[in-house]
Amino acid sequence: MKRKATDDAAVVATSNTITTATRMSDVPSDGVPSQQQLDGGVSYNNNYDPEPIRPEWLELPPELRSVDFTVDGAAAWDKYEPYNPQRSLPIVPIDTPPTFSSSSSSSSSALCFHINGIDGRARAATIHFPNNGPPVTTPRFMPVGTKGTLKGVLPDEIAAMECPIILANTYHLAIQPGTELIDQVFGGLHNFMGGIRRDTDNNDNNNNNKRLYNLLTDSGGFQMVSLAALSNVTEKGVVFQSPYSKEHMLLRPEDSIRCQNEIGADIIMQLDDVISSVATNEDRFRIATFRTLRWYDRCVQAHQYPHRQNLFPIVQGHLDTSRGGLRELCLAGFKHRDQQQQRQQQQEKQQHRIPGFAIGGLAGGESKDEFWKVVDHACRHLPDDRPRYLMGVGYPLDLVVCTALGVDMYDCVYPTRTARFGVALVDEGQIKLKQHQFAAKNPSSADMTINNNNSNNNINSNTPIDKDCPCEACRRGVSKERLHSLLKANNPVGVQLVTQHNVTYMMQLVTRMRKSILERSFQQFVQQFLRRHFSDDQESVPQWVRDALQAAGLSWKWTS
Amino acid sequence: MSPNPVDGTAETSSVDCSCSPKREMLHLLLYCKDGCVPYLNPTQLEQYFPPSSGLWLCLSVQDACVFPMFDKPVKKKAKDDVINKKTKEVPAEPKKVRGYAFASAPPDPWLLPYTRVTVPYFSNKNKEQLADNKSICVWTPHGRQRLASETYAKVAMEGLQSNYTVSLFDDAGVSSVKQPDSVRWQKAHGRNNLWLEQLVQVAKQQDALDRIWRPVFLPPSNHDDEVNNDAMTNESQTGSLGAAGVAFVGKWRHGLLTGNNGMAQIPDDVKWKCLLSTTSLLEFVEIAAQGYFNIVGTDLPALWAKEKVALIVQPQRGPSTNEPTAKRPKLDADEKGGETDHANEPTLDFNGCIDMSDKVHARDPRPLVEGCTCMTCQHGGRFSRGYIHHLVCAKELLAEILLFAHNLHHMLELIRLFNEGGSDPADIVNTIKSRLPNAK
């Protein structure tokens, strides 16, 4: 995380440490900002001090003091098969219409989750929203449309690539153009992006606006910590420096939820206390874990539209998967809140239960071995009748392994970002189209040669990236040579085509996974994928992949 | 004389439409850098700009047919080979580009249904063309490369396989503001004729003479009229050498079709008269209105998209509700999104475009042009001005895509209007002129 140099040592406070502040001349004498200063959006004197640690932040929250973590599964919800063979998971046929009533155990008022099939721990499900948008089948990868657009791709093309949900960044949209503008002037991000098709031929006036895709927004917490030149997490919220106005701003959980309400996404995320997974301050991790629970409560309080926007909590806890460790503490905290909400639901006859869960704190540089163990731990504890969303994960191999462990949803900038660098995704790995080996042969030069010795790449450069891929480039027969020439000339069409290919590839990957789960052939799919990904060399399959698949009850070896 | 449709006053048309009594169908020739239509993928191109829309494509060898060259394989001795005294050839990895060369490259398959014209270059930055009788220096995306006439003939005819090919030419700096050196002009003229003859010979062998266009240069306005007339006469006297069309290179100006200059003496059996490049909207419509040219070339839609401006001026029969004129009707204040501040309307530039980076668009929910059926504005304005402004501020590629599609659609609509014949071309030009700021 890069930070700008500053003359004031106290201002250089990372999110990993809490340091003693050096008082500035215009900082309040008691070191505590005034209420006015801390209310969201108000500049804090252009200087700020890191907050001193309060002892209560390190103490176990009251709701967790009665939990006996020595008992196996204390932090886990009631599980179904395969975790609990005595309890069968209700399987719903694929075309079953959704219900959004409080009487249904598989739904809330804004989300209906149907599990259509399982194979081991892998699940194939369908998520419905009451918004006239397409159903979201899982496993599902969500490409990231950071600033309200998917990098040169039209909304119709997003739908044509069979992408039913994309992600937008609250942080970027709050800065430009502003979420209030999106709501007040355009009626939400769906309208703003042109993601609604108005069916003028449909005589049903109530149902003639069809959404081409659904939206998920993150809270902005990760971007603030990773992108803002200066950021400091306080109990009130995150203090950061606006990259445009250079003012210091405070984003509270309430502000994040307000922005996400204005954007109008179908799934919104709580603001969590984000720390890099490679940091080392144990106290800071403990504070972040408990603060994430407290901030979730504030997010719920601030959430104005629970009947049409689903607020997902984010499970934190660093990489600590020990019994009674931070991950279990966080899970137990959310379990307590979920049970509280369900009791409230019974009293008020309204849906209040948590609609789905996100697994956070990963994809930040930790080892793969630690990574898969956290995912495994989360899936073993989280409820089986609600979607599980693993944040920031987007490598195809990671998707396959984590689906085997029980994850439903993923998001990452990787496919779209790497496309802009001329890298196309295939099962075998990557094709770096800008490399010289993909340049066209020059028949006028007798010296021309192409390197065909690299067995890790498909060097047949006059063929499409993947002849079986239904993307625009592959379907039209656009060769790798042609893409190479467009990319080297910095022609935008080259970037568009590779972006569409990568997104289509990810959609096809999750579709293939889903199909194999429904056909109960996920084991074979995994083996075939690994075989192609590692060029038929079993020795090169990493240990973490072997361990993770073994934990999922799958064999990673394939027969030649 | 026809009344001005805006204020009803009579206005004399300044467009000379007397040169060609019979108007031919007009086509727009769009410059396709790198051999592909700017910004649009194949599906978008086919859906929104099918061949029937009057769109022709201009491909230039300058950027569509230049490829890198690499080192040749190097013989290496493997370790074992020292004992066996055998030499094993190991292909060298093409890590370093040794240079660039022109080579044949087939066009993208989805361009084949379109009428395509190949030119050696669309614009050459050289102030002084480095040319001899065999080749000419051309600025490519990979620097300056020498394009030989024989290579051009082969690449253009056999490689790109366009419907029409303009022969290689040395424009001798016709776009230069300096008066051309008469020696250089004569040399260039001689080269161009030589290269035309070479291309015609190649075309005859392939029975493709009807695919050849000869280039003709439009002299700059600051050049001596006598020199100009001599040059134009020279061009016309040389004749088309059987070429099916003529491609005019340089900047158009009034008066080139009157008098005794050579342009008026271009043989009538030359079917295609193309002006390769136009640089402003007014120039485009004036040339389209004249009826002399049946193909008008331009790069304006892509240029405007890159500059983040949108063409909104229209030659409609009534005032447009989107244009910032004093007679714009006020929007209903209760209408959702009716928040446009009429006091701060965007201003038109001299091309009839609005700058989408202007903050005045930030809260504007309207489409670029009400009622426009382009990819950007259709369906009641799915992509609003506010959204396009946001994309421009966020430096997103989608902004250029949407603006290009809109600008190209608008220009094709102008072409269609001229082709319909329902309105006097001079009226169309005058209507547009009246809506442009500072139009002469």
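**Aromatic pairs and charge–ring contacts**

A search of the whole predicted structure finds 21 aromatic pairs over all chains, where rings of Phe, Tyr and Trp (its six-membered ring) pair if their centres lie within 6.5 Å, and planes under 30 degrees apart count as stacked, over 60 as edge-to-face and the rest as tilted. In this predicted model, local features need pLDDT of at least 70 and side-chain atom pairs count only at pLDDT 80 or more, while totals for chains, interfaces and linings use all residues. Side-chain values use heavy atoms, with hydrogens and water left out; residues are numbered from 1 along each chain as its sequence is written, and chains are lettered from A in the order in which they are written.

One of the pairs is formed by Y31(B) and F122(B), whose ring centres are 3.9 Å apart with planes at 5°, so the pair is stacked. Both Y31(B) and F122(B) are buried (under 20% relative accessible area, with exposed over 50% and partly exposed in between; 1.4 Å probe, protein chains only).

A second pair to look at joins F248(B) and F293(B): the centres lie 5.3 Å apart and the planes stand at 85°, so this pair is edge-to-face. F248(B) is buried at 0% relative accessibility, and F293(B) is buried at 2%.

F186(A), F192(A), F383(B) and Y387(B) come together in one aromatic cluster.

Charges also meet rings in chain A. The charged end of R291(A) sits over the ring of W57(A), 4.7 Å from its centre, and K368(A) lies over the face of F371(A), 4.8 Å from the ring centre (NZ of Lys or CZ of Arg within 6 Å of the ring centre and within 35 degrees of the ring normal).
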